[in-house]
Amino acid sequence: MDPLMDGGKPKAKPSLQNLYLARTKESLRWIESPLKDLKGKEFKSFHVRHEASMLELFFDLFFVANLATFTAYHEITTSGTVLAYMGFFLILWSTWFQITIFDVRFASDSVFERICKLFQFIAFAVFAAVGANFSPGTYSSAKYYKIYQTMAIILGATRLLLAFQYAIMATYVCSKYKKLVVPFTLIIVTFIISGGGLIATSMGFGSKSISKVHIVWWIILPVESFIIVTISSVWRMLSFKETHMNERLSLLTMIIIGEGVIGVTKSSMYLWPKEKMPDINNLVALISIIIMLLLMWQIYFDNHPHGDYGTIKQQWWAMSHFFLHLGIVGTVEGSNRMAIFYYAAKTYTNVGKQIMAICTSSTKPTKETFVASMNYTLQYLDLNKYDPRTYDWAEFYLNRTLFPKANDVYFCNVNNENSTAIIMDNLLGAGIFKKFGIEEAERSDAYFHTFRVTFAYLWASFGVTMLMLLVFLWIVRNKKHDMLEFLRMGFRLIIALLSLAMVFLQYAEVPFENFITSPVVVTTICVLMAATIIVDRLCRFFGVWSFKRKYAIPPPLPDHGHGHDHAEGHSSSVDKHQSMAFGGHHTPSIATTMFPPGGYEMTPSASSIQTGPSISPGYAGQPGTPGNLYQNGGLGSPDPQYQNTAYQSGYAGTPQQNVGYGFPAQHH
C-alpha cells in the first residue's frame with residue numbers, strides 16, 4: 001500500500017493534520033457522560049477532572065460580584081441589617097455550594113453544561129439586581145414586595161434546574177451502577193421539593209402588610225444542604241473524595257479574603273487626605289487591615305488539607321465553610337468600617353474642639369470671626385459635595401447669625417442648644433458622617449449606636465472565624481493528635497472566646513469610647529492572629545524536633561496536589577522521592593535499576609559489603625552519611641522473615657553489621 005494512503009484516502013500534510021487535531025480538540029459535544037474519563041479505572045467517587053475549569057472560576061466571580069454589590073448598598077447599622085446581610089449571604093452561598101458540588105462530580109464541558117451555566121449566571125445577576133433593596137421584614141419589604149417574589153422564583157428555579165441536571169446524569173450512571181438509583185432519586189426529589197417550596201413562598205409577599213414568609217427560605221436552604229451532604233456521606237461513590245472540591249473552596253476563600261482588598265482601597269480614600277500626608281494613626285489603621293488580610297490568608301492556607309483525611313469528614317468540612325466565609329466577610333467588612341469610623345469620629349471631635357476653642361477663648365469672638373471660621377471648615381470638609389442639604393442648612397444658620405433677630409440667643413453660647421455654635425456642631429457632625437458613608441441609625445444616639453453594632457459584629461465574626469479554624473484543624477489532622485496539636489487547638493479556642501467576650505465591651509461606655517476612637521481596633525485583631533500563627537509555628541518546630549530525637553525519619557508523604565491525574569501525581573511523587581535519595585537530582589538510569597516492574601536485586605553502593613535480596617518496587621531512602629546510612633537506601637534484610645520485602649528509607653545497621661534496615665514500603 002502506498003505509505004501516503006490510509007484506508008484508501010491520502011494522508012494530509014502535517015500542517016493540515018495539526019489543524020484537524022486542533023479542531024477536533026476544540027469541538028464540543030452536546031452532552032458528556034460523567035463516566036467518559038473513568039472507563040477502565042478504579043475510582044472511589046465520581047470526578048470529571050482534578051482542577052477547576054475556566055467556566056467554574058468565571059462562576060465564582062459572579063458570587064463575589066454579588067457579595068461586593070450587596071455590601072456596597074447595605075450599611076450595617078442595626079441588628080436588623082446584620083440579619084438581612086446574613087440572610088442574603090445564605091442565599092448566595094447555598095446556591096453556589098449546590099451548583100459546585102454537582103460540577104466537581106459530574107459537569108464536563110458540553111453544550112448542555114454551558115446552557116445550564118448561562119441560566120445560573122442569569123440567576124446570580126438577578127440576585128445582584130434585587131439585592132440592592134433586600135431588607136426582609138421591614139416596611140420597605142411591603143413596598144418592594146415584587147423583589148422578594150422574584151427572589152423566591154429564581155431560587156426555586158435554580159433547584160429545579162439542578163434536579164434536571166442530576167436526572168440527566170442518572171441516565172448515564174445508574175445504567176451501570178444500579179446501587180446508585182436510590183441516592184440519585186433522593187437527590188432529585190429533594191431538589192424538586194425544595195424548588196417547589198421556594199417558588200410557593202412567592203405568593204406570600206404582598207403590598208398590604210409586612211410578610212415573614214422569607215423565614216421559610218432560612219429553613220429550606222440549610223435543610224436542603226444537610227440532606228444532599230448526608231446522601232453523599234452514605235453513598236460514598238457520590239462523595240467529593242477524588243474531586244477538586246478542596247481546590248474550589250480554597251479558591252473561593254482566597255477570593256473572599258481578596259474582596260477585602262477592595263474595601264481597603266475604599267478606606268484609603270478616606271484615610272489618606274488629598275492635600276497632605278496622613279498622620280501616623282491613619283497609617284496604623286490602614287496598614288493593620290492589610291496585615292490582617294495577609295494573616296487571615298496565612299492561617300487558613302497553612303493548614304489547608306492535603307491528601308486523604310476521611311471521606312465523611314470532607315463532606316462536612318466543605319459545608320462548614322459557610323460559617324468560615326460568613327465570619328471572614330464580617331471580619332473584613334467590619335475592619336474597614338471601624339477604620340473609617342475612627343477617622344470620622346476623630347474629624348468630628350476635632351471640629352467640636354475647634355468650636356469650643358473659639359467660643360471659650362479669653363478673647364470674645366465676633367460674629368464675623370465665628371462665621372468665617374465655620375465657612376472655612378465647611379469648605380475644608382467639602383460638605384457642599386458630599387452632603388449639599390446639610391451644607392445649605394449650615395449656610396442658613398451662619399447667615400442668620402450675621403443678621404440676628406431681637407430675641408436670638410447669643411451665637412456662641414455652648415450651654416444653649418439653640419445657639420449657632422451647638423447647631424453648627426450638630427450639622428457638621430451629620431455632614432462628616434454622611435461624607436464617610438456612615439448611615440444614621442433610627443435612634444437618638446444614632447451614630448454612637450452604629451459604632452456599637454459594627455464593633456459587635458466585627459468581634460463576633462472574628463470569633464466565629466477562629467472557631468471554624470479550630471474545627472478545621474481538628475478535621476484535617478484526623479486521628480493524628482498529640483499534646484502539641486491540642487495546644488494549637490486550645491489556643492484557637494482561647495482566642496475565639498476572647499473575641500466573643502470583646503462584644504460585651506460596648507456596655508462599658510468609657511473604655512468602649514476610648515477603644516473605638518483609637519486606631520488599634522483592627523491592630524488588636526492582627527495581634528491575636530499573629531499570636532495564633534506563632535503558636536502554630538512553635539508547635540510544628542518542637543514537634544519535628546522531638547520526633548527527630550526519638551525516631552527514624554520517615555519518607556515524605558506522596559504529593560496529592562491538584563492539577564494532575566492521581567496516577568500521574570503518584571508517579572511524580574515516587575520520582576521525587578527517588579531523586580531525593582540521590583542528593584536531590586533525578587537519575588533515571590539508577591531509578592530504573594532500583595525499581596523495575598519485576599523487582600531486581602539492589603545494586604550495592606561503593607561502600608556496601610552485602611547485597612540485599614530481591615525487592616519489589618518501593619521508595620528510595622534518604623541520603624545517608626558514611627558509617628550510618630547507605631547512600632542508596634532501601635537494602636533488604638538478611639533475616640528470613642523479611643525476605644522479599646521492599647523497604648523505604650532504609651537505615652543502615654550498626655557499623656559492625658553494615659546491613660540496611662528500613663520501613664516496609666506502603667503500596668497504594
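A cavity, for these notes, is a set of grid points where a 1.4 Å probe fits but cannot get out. I am working from a predicted model.

**Entry 1: cavities**

I found 7 cavities of 30 Å³ or more. The largest cavity has a volume of about 60 Å³.

Which residues line the largest cavity? I noted I299, Y300, N303, H304, P305, W317, L469, F472 and L473. I sorted this lining by class and got 7 nonpolar, 2 polar and no charged residues. Helices α10 (280–301) and α17 (446–476) each supply at least two of the lining residues. The largest share, 3 residues, comes from α17.

**Entry 2: the second largest pocket**

Next I turned to a space that is open. The second largest pocket has a volume of about 1200 Å³. I listed 50 residues in its lining, and the closest to the pocket centre are G80, T81, V82, L83 and A84. Two or more lining residues come from each of α3 (79–106), α5 (139–143), α8 (214–234), α12 (321–359) and α17.

Which helix gives the most to this lining? I found that α3 does, with 10 residues. By class, I recorded 25 nonpolar, 18 polar and 7 charged residues around the second largest pocket.

**Entry 3: a helix pair**

I then checked how α6 and α7 pack. Helix α6 covers residues 145–173 and helix α7 covers residues 181–200. Their axes lie 7 Å apart, at an angle of about 165°. Angles over 145 degrees count as roughly antiparallel, so I put α6 and α7 down as roughly antiparallel to each other. The crossing of α6 past α7 is left-handed. In the contact of α6 with α7 I noted 19 nonpolar, 4 polar and 1 charged residues.

**Entry 4: the disulfide**

Last, I searched for disulfides. A disulfide is a covalent bond between the sulfur atoms of two cysteines. How many does the whole structure hold? The search gave me 1. The bond joins C359 to C412, with an S to S distance of 1.9 Å.

Is this disulfide left-handed or right-handed? The torsion about the S-S bond of C359 and C412 is about -85°, so I logged the disulfide as left-handed.

I also placed both ends. C359 sits in helix α12, while C412 is in the loop between α15 (388–402) and α16 (420–435). The two cysteines are 53 residues apart, and the pair links distant parts of the chain.

Notes: Residues numbered from 1 in each chain as written. Predicted model: local features only at pLDDT ≥ 70, side-chain atom pairs only at ≥ 80, totals over all residues. Heavy atoms only, no water. 1 Å grid on protein atoms, 1.4 Å probe; cavity = no way out; pocket = protein on both sides within 12 Å on 5 of 7 lines; lining within 4 Å. Points joined across faces, edges and corners; volume = space filled by probe spheres on them. Helix = DSSP H or I, 4+ residues; strand = E, 2+ residues; numbered from the N terminus. Nonpolar A, V, L, I, M, F, W, Y, C, P; charged D, E, K, R; others polar. Axes fitted to C-alpha atoms, helices over the stretch in contact; angles between N-to-C directions. Parallel < 35°, antiparallel > 145°, perpendicular 65-115°, else oblique. Left-handed = near helix turned anticlockwise from the far one by under 90°. Disulfide = S-S within 2.5 Å.
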